[in-house]
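Subject: Handing over a structure, with notes

Dear colleague,

I am passing on the structure below, and I would be glad if you kept it open while you read the notes that follow it.

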Amino acid sequence: ITIPHMGWNQLKLTQPDHPLWATISSDEWVYFVHSYYAETTDSTIVAATVTHGSQTVTAAVTKDNLMAVQFHPEKSAKTGLQLLANFVEMVKQPVAVG
């Protein structure tokens with residue numbers, strides 16, 4: 001397995017109905033530049049994975065109002081721009097307090 005992982009890889013959405021993925025489908029290509037990945041002990045927060053070599057690694061996590069991606073949206077062309085637009089739309093939504 002090439003480390004660092006630099007280049008394009010296909011997402012497998014494990015939470016496809018999450019608003020972060022609005023109009024983004026599984027198998028979209030995103031751009032990675034990293035030499036590590038996060039392992040989670042709670043599989044329910046994994047929002048997307050990718051396969052790198054023979055390993056399936058976490059590419060995105062979500063829990064409540066926390067969202068994080070391992071890839072670079074700003075380098076991921078149309079898919080990355082859509083993800084950023086989806087995030088902005090989520091932030092604009094009113095939140096009930098109390």
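On one side of helix α1, the residues K78, L81, V91 and K92 are exposed, where exposed means over 50% relative accessible area, buried means under 20%, and partly exposed means anything in between (1.4 Å probe, protein chains only). Helices (H or I, at least four residues) and strands (E, at least two) are DSSP runs, numbered from the N terminus. T79, G80, L83 and N86, by contrast, are buried in α1. They lie on the same side of the helix because they cover an arc of only 120° around its axis, the arc being that of the directions from the helix axis to the C-beta atoms. The general rule behind this is that an α-helix has 3.6 residues a turn, so residues three or four places apart point the same way. The buried residues of α1 pack against β3 and β6.

Please bear in mind that this is a predicted model, in which local features need pLDDT of at least 70 and side-chain atom pairs count only at pLDDT 80 or more, whereas totals for chains, interfaces and linings use all residues. Residues are numbered from 1 along each chain as its sequence is written, and side-chain values use heavy atoms, with hydrogens and water left out.

The helix itself has 16 residues and reaches 23 Å from its first C-alpha to its last, which is close to the 22 Å expected at 1.5 Å a residue; the expected span is 1.5 Å times one less than the number of residues. N86, which belongs to this helix (residues 77–92), counts as buried because its relative accessibility is 7%. If its neighbours within four places in sequence are left aside, N86 is in contact with P19, L20, W21, A22 and I24, contact meaning heavy atoms within 4.5 Å. A77 also lies in α1, and at 47% relative accessibility A77 counts as partly exposed. Although A77 is not a glycine, its phi is positive, at about 55°.

D64 is found in the loop between β5 and β6, and D64 is exposed, with a relative accessible area of 71%. As background, most residues other than glycine have a negative phi.

Turning to the strands, there is an open sheet of four, in the order β2-β4-β5-β6, with antiparallel pairing; two strands pair if DSSP finds at least two bridges between them. The edge strands are β2 (12–13) and β6 (66–69), each of which pairs on one side only. Between β4 and β5, which run antiparallel, there are six bridges, and V46 has V61 in β5 as its bridge partner.

What does the largest nonpolar core contain? It has 15 residues, and those with the most contacts inside it are L11, W21, A48, A59 and F71. A nonpolar core is a set of buried Ala, Val, Leu, Ile, Met, Phe, Trp, Tyr and Cys residues joined through side-chain atoms within 4.5 Å. At least two residues of this core come from each of β3 (29–34), β4 (46–52) and β5 (55–63). When neighbours within four places in sequence are left aside, the contacts of L11 include W21, V30, A48, T49, A59 and F71.

T49 lies in strand β4 and is buried, with a relative accessible area of 12%. Leaving aside neighbours within four places in sequence, T49 is in contact with residues including Q10, L11, T58 and A59.

Is Q15 buried or exposed? Q15, placed in the loop between β2 and β3, is buried, with a relative accessible area of 18%. Q15 and A47 are 32 residues apart in sequence, and their C-alpha atoms are 4.8 Å apart in space. Not counting residues up to four places away in sequence, Q15 touches W21, T44, I45, V46, A47 and T62.

Finally, for the record, UniProt lists residues 3–88 as "domain: Glutamine amidotransferase" in an unreviewed entry; its positions are given in the numbering used here, feature names are shortened, and annotations may be inferred rather than shown by experiment. The end C-alpha atoms of residues 3–88 lie 32 Å apart, and the span is 14% helix and 40% strand.

With best wishes
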